[in-house]
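Colleague: I have the file open and would like to go through it with you. Can we start with how the helices pack?
Modeller: Fine, let us look at it together.

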Amino acid sequence: MLRRPFLSALLAAVAAVPLTLLVGLVATPAAHPAAATPVRVMPLGDSITGSPGCWRSLLWNRLQSTGHTDVDFVGTLGPQGCAQPYDGDNEGHGGYLVTNVANQNLLPGWLAATRPDVVLMHFGTNDVWSNIAPATILAAYSTLVDQMRASNPAMRIIVAKIIPMAPSSCAECGQRTVALNAVIDGWAAGKTTTASPIVVVDQWTGFSTTTDTYDGVHPNAAGDQKMSDRWYPALVAALGGVTPTPTPTGTPSPTTSPSPTASPTAPPTGSPTVDPPTTSPPAGVACTASYRITNQWQGGHQGEVTVRSTGTARTTGWRVTFSLPAGQQITQTWNADLTQTGSAVTARNVNWNGALAPAAEATFGFLGTNTGTATAPTATCTAS
């Protein structure tokens with residue numbers, strides 16, 4: 001309580017201030033004052049989020065242009081080329097199933113590395129493609145939400161009704177998507193809490209696989225714009241209710257400056273590149289590589305290699321080698337510089353995904369041809 005002599009002095013001081021100055025102070029507040037600690041937002045999902053997931057670049061730049069400059073997109077994966085500068089950190093793992101992420105307990109490590117305050121989740125496309133039941137997908141959603149709240153009890157969670165699907169190899173995927181989206185609202189209503197609300201964003205309605213995707217699954221420029229427009233109001237509303245989690249003493253603060261991006265590098269043509277002499281990697285630098293087939297059809301397949309930093313020091317680059325089984329050949333790749341001589345394949349990082357912190361991951365994908373059934377070879381990673 002103010003004591004009376006102090007109150008009288010305070011009133012006298014206020015009275016001495018010119019009215020125009022008081023009016024100016026009241027009438028011109030900052031529209032979006034910058035937070036001392038930025039709000040960390042994790043985009044979480046599969047290739048629709050991360051390969052390259054250019055709706056993120058549109059969304060981040062729109063936030064910047066409308067005064068929301070106290071936002072840091074976070075994730076263990078970096079930007080994957082969207083023709084404009086943006087904060088491209090994300091957790092969009094191409095080819096991943098949300099059920100596998102839940103069953104393999106992958107999310108807690110990503111959360112610990114990035115400590116998000118808000119999660120934008122568009123996840124389940126590959127599960128739908130794999131004919132996994134909606135109830136099983138929702139159970140995985142629940143597992144991830146529980147892990148988010150264990151990381152941050154006040155986590156704001158924004159979950160998408162996923163965009164429609166019409167891949168040429170899956171006539172049933174369109175209706176399966178409808179079936180999943182039909183139960184997301186009810187799941188969210190039962191899982192939301194006051195401390196950690198779940199908001200559903202409808203990315204399905206008004207989205208056309210004909211005009212808004214380039215392959216019936218992944219958004220093109222028009223689709224990216226639609227997705228960004230749908231995320232924006234929900235994310236802005238969430239930002240208003242977040243108290244950023246302070247960075248612990250001694251922990252490096254995630255960067256909020258936009259990372260320069262580059263377009264995915266096409267595989268070189270002509271003579272194969274000669275590897276430089278083998279040298280021992282710096283102390284504490286190491287990596288592993290895992291190869292998997294994400295989809296296949298008659299005479300062709302799609303694959304993905306995940307590179308994981310397993311050392312105690314940050315990598316500056318990586319190189320993955322493997323030998324393709326007989327009858328297989330890679331015809332197109334993205335997110336790596338790849339050469340192939342006979343069955344021997346060497347893939348190197350491109351300029352934006354070679355630097356990996358300990359436990360961080362990078363992925364590159366490819367299309368290939370095969371006779372019979374495509375199988376995954378053993379991949380070896382060398383870090384520098």
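Colleague: Which helices come within 10 Å, α6 or others, and at what angle do they cross?
Modeller: Helix α6 (residues 107-114) and helix α8 (residues 134-151) have axes that come within 10 Å and cross at roughly 30°. This is a predicted model, in which local features need pLDDT of at least 70, side-chain atom pairs count only at pLDDT 80 or more, and totals for chains, interfaces and linings use all residues. Residues are numbered from 1 along each chain as its sequence is written, and side-chain values use heavy atoms, with hydrogens and water left out.

Colleague: What is an axis here, and what is a helix?
Modeller: An axis is a line fitted to C-alpha atoms, for helices over the stretch in contact, and angles run from 0 to 180 degrees between N-to-C directions. Helices (H or I, at least four residues) and strands (E, at least two) are DSSP runs, numbered from the N terminus.

Colleague: Are α6 and α8 roughly parallel or oblique?
Modeller: Roughly parallel, because of that angle. Angles under 35 degrees count as roughly parallel, over 145 as roughly antiparallel, 65 to 115 as roughly perpendicular and the rest as oblique.

Colleague: Which residues of α6 and α8 make the contact?
Modeller: From α6 they are Leu-107, Pro-108 and Leu-111, and from α8 they are Leu-144, Gln-147, Met-148 and Ser-151. Contact means heavy atoms within 4.5 Å. Five of these residues are nonpolar, two are polar and none is charged. Ala, Val, Leu, Ile, Met, Phe, Trp, Tyr, Cys and Pro count as nonpolar, Asp, Glu, Lys and Arg as charged, and the others, Gly among them, as polar.

Colleague: And the largest nonpolar core, which residues touch the most other members?
Modeller: Leu-44, Leu-107, Met-121, Phe-123, Tyr-141, Leu-144 and Met-148, out of 33 residues. A nonpolar core is a set of buried Ala, Val, Leu, Ile, Met, Phe, Trp, Tyr and Cys residues joined through side-chain atoms within 4.5 Å. Buried means under 20% relative accessible area, exposed over 50%, partly exposed in between (1.4 Å probe, protein chains only).

Colleague: Which element gives the largest share of this core?
Modeller: α8, with seven residues. Take Leu-144: leaving aside neighbours within four places in sequence, its contacts are Leu-44, Val-98, Val-101, Ala-102, Leu-107, Met-121 and Phe-123. A second, separate core has 27 residues, including Cys-54 and Leu-239.

Colleague: Changing topic, where is the cis peptide bond?
Modeller: From Ser-51 to Pro-52, with omega near 5°. Pro-52 lies in the loop between α3 (47-50) and α4.

Colleague: What about Asn-131, is its phi positive or negative?
Modeller: Positive, about 60°, although Asn-131 is not a glycine. Asn-131 sits in the loop between α7 (125-129) and α8, and counts as exposed because its relative accessibility is 53%.

Colleague: Last one, how many helices and strands does the chain have?
Modeller: The chain has 10 helices and 14 strands. Of its 384 residues, 46% are buried.
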